[in-house]
Amino acid sequence: MTMSARHHRFDALVGALLPDLYRYAYWLCRDRALAEDVVQETLLRAWRSLESLRDDKAAKPWLITILRRELARTYERVRPELVDVADLPLAEERAEDAGERAVDAALLRRAMQGLEPEYREPLVLQVLLGQTVEEIAAVMELNPATVLTRLFRARKKLAAALDRPLQPLTAEGA
Amino acid sequence: MSGTTTCIEFRNAVGAEPARRDPVLLRHRLECRGCGEFARGIEQLDRSLAGALAVPVPEGLAHRVVLRATADAERRPLRRLALTAVAALALVAVGALLGRGWQQDPLPLGAAVLAHAHHEPQSWQVGAVPVASTQLQGVLDRGEVRLLDAARLGPVSYAHSCRFRGRQVPHLVVQSAAGPAMVLLLPGERLAAEQRFAEDGLRGLLIPVEDGSIAIVAAEGAALEAVRQRVTSAVQLGI
């Protein structure tokens, strides 16, 4: 592959994903500076190992996996100080959007902040990055049934935090 | 999923995968009022969640990706490969900023200057002791820069010959009453016009001169202007 073709390929694979990669990193570590560092290192590593990506359709989970590994490496060196994410503005918030939605967002962010990582990550992968249960299971090296359980429990906890508990007919499964 | 489902199965499935479009689930949703309300509640929760998760992406993130890659390129022994990464990431950055794909823009000189400024933070000491005149002269000689008037240049607290875009160039820190300023003397880096840039609290200036350009970076605008006057009249690029 020529260098120009390599550039084309990398740009097409990574360009549009940059904002969501940052957000994913952010919700994993809950530290803005650390998330940015991790994303930068992720893209450098992705470039260096571009040939290892056989199928361009698999770019998103490939980048997610690189990012998770990079974050794990970073956690070996540094523990982030957490900030109150409820204070962060919405990405494209407008004045007229204030009100119940903004209140929900602040509550949800606090609830997400308090959610255990094993529940928070699959939810972010599904809602933010549009990953399927099977893809989440592959990235997190879990059984799909476990992913389903965690996703349900994560939503149940968030709904409770918003004071809008889900209406289970019985306690949910495992 | 089999041909029928119970309310428990429905809620467990929809609570885990609200976007799932299984015909059996859809039929149950239509037939069971309670489960229909449950599904709508989950969908509303996900809409709120999608907004809450969309934390703002830091301004200039794409640009800083390029800066990081530039620093990486200067550090790594396989420089050619790393510089190629810089070019590729610059394209991603431009694409992310402009919302479109392939761009032919090269890495901007200002971005490379700022990356170098971040690369040697130890040089930024306010009021540091001036370097010996022999050290300053040696650095300028290596960079093929002539010192016309040392007194006009004023106190220089840091002078090193640095690798920058394929050349050894003088990297100075000049002290002023308004604070220190980093100066890169860049023979061969020709510019059509003066350029200004800013990033992470630093301001930069690229000044075209005969046979190249001079880059000045400072935290304070006053330092930038003070050092500009002194440097441009004290040195000449290209011996």
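Let us start with a helix. Helix H3 of chain B covers residues 33-53, which makes 21 residues, and spans 30 Å from its first C-alpha to its last, close to the 30 Å expected at 1.5 Å a residue. Please keep in mind that this is a predicted model. Several residues of H3(B) are buried, among them B:Cys35, B:Phe38, B:Ile42, B:Leu45 and B:Leu49. An α-helix has 3.6 residues a turn, so residues three or four places apart point the same way.

**Chain B at a glance**

Chain B holds 9 helices and 8 strands. Of its 239 residues, 41% are buried. When contacts in chain B between residues at least 6 apart in sequence are considered, 58% of them link residues at least 24 apart.

Another helix to look at is H1 of chain B, residues 7-16, which is mostly covered, with 7 of its 10 residues buried. The buried ones are B:Phe10, B:Arg11, B:Asn12, B:Ala13, B:Val14, B:Gly15 and B:Ala16. What covers these residues? The cover includes helix H8 (144-161) of chain A, along with helix H2 (23-31) and H3 of chain B.

**The sheet of chain B**

Now turn to the strands. In chain B, 6 strands make an open sheet with antiparallel pairing, in the order E2-E3-E4-E7-E6-E5. Strand E2 (156-164) and strand E5 (195-199) of chain B are at the edges with a single partner strand each, so one side of each has no neighbour in the sheet. From one strand to the next, the twist averages 20 degrees. Helix H7 (residues 133-142) of chain B packs on this sheet and touches E2 and strand E3 (167-174) of chain B, with a direction at about 25 degrees to that of E2(B). Helix H9 (residues 221-234) of chain B lies across E3, E4, E6 and E7 of chain B, and runs at about 150 degrees to E7(B).

Strand E7 of chain B, residues 212-218, deserves a look of its own: 7 of its 7 residues are buried. In a regular strand the side chains alternate between the two faces of the sheet. Both faces of E7(B) are covered, with B:Gly212, B:Ile214, B:Ile216 and B:Ala218 buried on one side and B:Ser213, B:Ala215 and B:Val217 buried on the other.

| Partner of E7(B) | Residues | Bridges | Sense | One bridge pair |
|---|---|---|---|---|
| E4(B) | 181-187 | 7 bridges | antiparallel | B:Leu184 with B:Ala215 |
| E6(B) | 202-209 | 7 bridges | antiparallel | B:Pro208 with B:Ser213 |

E6(B) and E7(B) also form a hairpin with 2 residues between the strands, where B:Asp211 takes a positive phi near 70 degrees.

B:Ile216 sits in strand E7 of chain B.

In soluble globular proteins, nonpolar side chains tend to be buried together. The largest nonpolar core has 62 residues, of which A:Tyr24, A:Ala25 and A:Leu67 touch the most other members. Helix H2 (residues 18-29) of chain A gives this core its largest share, 9 residues. A second, separate core has 39 residues, including B:Leu109, B:Val156, B:Val169 and B:Val173.

A:Leu67 is in contact with A:Leu21, A:Tyr24, A:Ala25, A:Val38 and A:Thr42, leaving aside neighbours within four places in sequence. A:Val38 belongs to helix H3 (residues 32-48) of chain A. Is A:Val38 buried or exposed? A:Val38 counts as buried because it has 28 C-beta neighbours inside 10 Å. Beyond residues up to four places away in sequence, A:Val38 touches A:Ala25, A:Cys29, A:Leu67, A:Glu70, A:Leu71 and A:Thr74. Along the chain, A:Val38 and A:Glu70 are 32 residues apart, while 6.3 Å separates their C-alpha atoms.

Technical notes:
Residues numbered from 1 in each chain as written. Chains lettered and ligands numbered in written order. Predicted model: local features only at pLDDT ≥ 70, side-chain atom pairs only at ≥ 80, totals over all residues. Helix = DSSP H or I, 4+ residues; strand = E, 2+ residues; numbered from the N terminus. Expected span 1.5 Å × (residues − 1). Buried ≥ 20, exposed ≤ 12 C-beta atoms within 10 Å, placed from the backbone. Contact = placed C-beta atoms within 7 Å. Pairing = 2+ DSSP bridges. Core = buried A, V, L, I, M, F, W, Y, C linked by C-beta atoms within 7 Å. Axes fitted to C-alpha atoms, helices over the stretch in contact; angles between N-to-C directions.
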